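My entries follow the structure.

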Amino acid sequence: MRAITNPSFLIHHHHRPSVASAVLRTLRHRIPFLSPSFVKVKAQSTSTSYAELDNTRTGRSGSLASPPAHFDVTQKIDVNPPKGTRDFPPEEMRLRSWLFQNFREVSQLFGFEEVDFPVLESEALFIRKAGEEIRDQLYCFEDRGNRRVALRPELTPSLARLVIQKGKSVSLPLKWFAIGQCWRYERMTRGRRREHYQWNMDIIGVPNVAAEAELIFSIVTFFKRIGITASDVGFKVSSRKVLQEVLRRYSVPENLFGRVCVVIDKLEKIPIDDIKKELRSAELSEEAVEELLQILSVKSLTKLEEKLGSSVEALADLKQLFSLAEKYGYSEWIQFDASIVRGLAYYTGIVFEGFDREGKLRAICGGGRYDRLLSTFGGDDIPACGFGFGDAVIVELLKERGLVPDLSPQVQNIVCSLDQDLQGAASLVAARLREKGQSVDLVLENKPLKWVFKRAARINAQRLIIVGSEEWQKGMVGVKILSSGEQYEIKVDELE
């Protein structure tokens, strides 16, 4: 390797030094990319509409219709994604990948294995009890085989199905995590979309609250990794058994428990008078409604003990959880709040929600114990707990706190040839670097160096490798370190 005293080799022989200087000055100039809001496409037309075609089929509700056969007019197509869904252009995809990488790394730190399930599941998997909000939010339809199917609105039922399917072929406890896309047709607010990605961690086969304590600690660990502190977010913790105890004392039938939970989960979403009205319609007496709302306003375990007594099972579970949180070192992150019940019917014990302390966003995450879910699908009940953590709210929080990382594109090398006849040689250089694990952006057309420098700046390339005819005849290429401006020639075989 030898240093180059004359950097003009970086410019094609037709360029003059003055032009080279001008080109170098453009190194950090960027070219904005403008996209039209609509594009024109050539389509085939028919006099029959989609709706008319669908109605002439079997008449099955939600069945799939064949597309129109002939279009002969040019029409504009809205290039925006369907309402409530998202595109992921490179800058958004980099953020998503970074987020998912942190989800995975935290899960693996805690000894969890990754699983996944079909996005399309049997509709019956998600229709458990009437009154659940999720039941009315399903994207569901009948497929061509007359099967009722749905896009999954959450991951836990799919997990339960897989555990039942595996049966005794897996040994307990299972510690599984998943990152999957979910769909719910719901009213959109900040951080709430009709499709989102969800990080789940579940522990199957551990009956005590040590499992819940471990799961909450995993979320705390994730928050710390991305710069979120206990002053930014916290966890509200309670137990479904608190609510069960109150209802038992007022002789409320057990079959109304899930319905009452759905109502209570709306406490911060609708006026208190509407809550009372819904509870009364759930067959609770006026006295039971008032007592229940008093209990749900309790914010400390001491007060809860005064209300329910020390022998209540829920109290013992909660005390153990808070004791373990102290041992883990995350006591400042959690607080008792009796109003937390979670809206899904399958929870049976400890429940928790992550929230932002400024109260600007909806729940960041939530979970709890669901010991009796598997039996609702015909399996044997196994103690289980887990959480779901959506991608949309945490991104809003990161933006709110100014914690979105700089995720500009980065490529180690940009390789170009100075002559179209040398494109093959440039391809060879790129291939050798890639074999060595180096990332390479190969310029595929015969572009002027001014364009190449702009491209290098846009993708944050570390070095520019140029294949020129004179250098290539000697088995060498030119290299420019873009951060320092250092330039040299090197044999192709010595490129690292």
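These notes go from the sheet to the helices and then to the rings.

I am reading a predicted model, in which local features need pLDDT of at least 70 and side-chain atom pairs count only at pLDDT 80 or more, while totals for chains, interfaces and linings use all residues. Residues are numbered from 1 along each chain as its sequence is written, and side-chain values use heavy atoms, with hydrogens and water left out.

Sheet. I traced an open sheet of eight strands in the order β4-β8-β9-β14-β13-β12-β10-β11, with mixed pairing (strands are DSSP E runs of at least two residues and helices H or I runs of at least four, numbered from the N terminus; two strands pair if DSSP finds at least two bridges between them). β4 (113–114) and β11 (334–336) stand at the edges with a single partner strand each, so one side of each has no neighbour in the sheet.

Helix. I found helix α5 (residues 210–225) packed on the sheet, where the strands it touches include β8, β9 and β14 (contact means heavy atoms within 4.5 Å).

Rings. I looked up W199 and F389, whose ring centres are 5.6 Å apart with planes at 50 degrees, so the pair is tilted (rings of Phe, Tyr and Trp, the last by its six-membered ring, pair if their centres lie within 6.5 Å; planes under 30 degrees apart are stacked, over 60 edge-to-face, the rest tilted). W199 lies in strand β9 and F389 in strand β14, 190 residues apart. I noted W199 as buried at 0% relative accessibility, and F389 is buried with a relative accessible area of 0% (buried means under 20% relative accessible area, exposed over 50%, partly exposed in between, with a 1.4 Å probe and protein chains only).

Technical notes: Axes fitted to C-alpha atoms, helices over the stretch in contact; angles between N-to-C directions.
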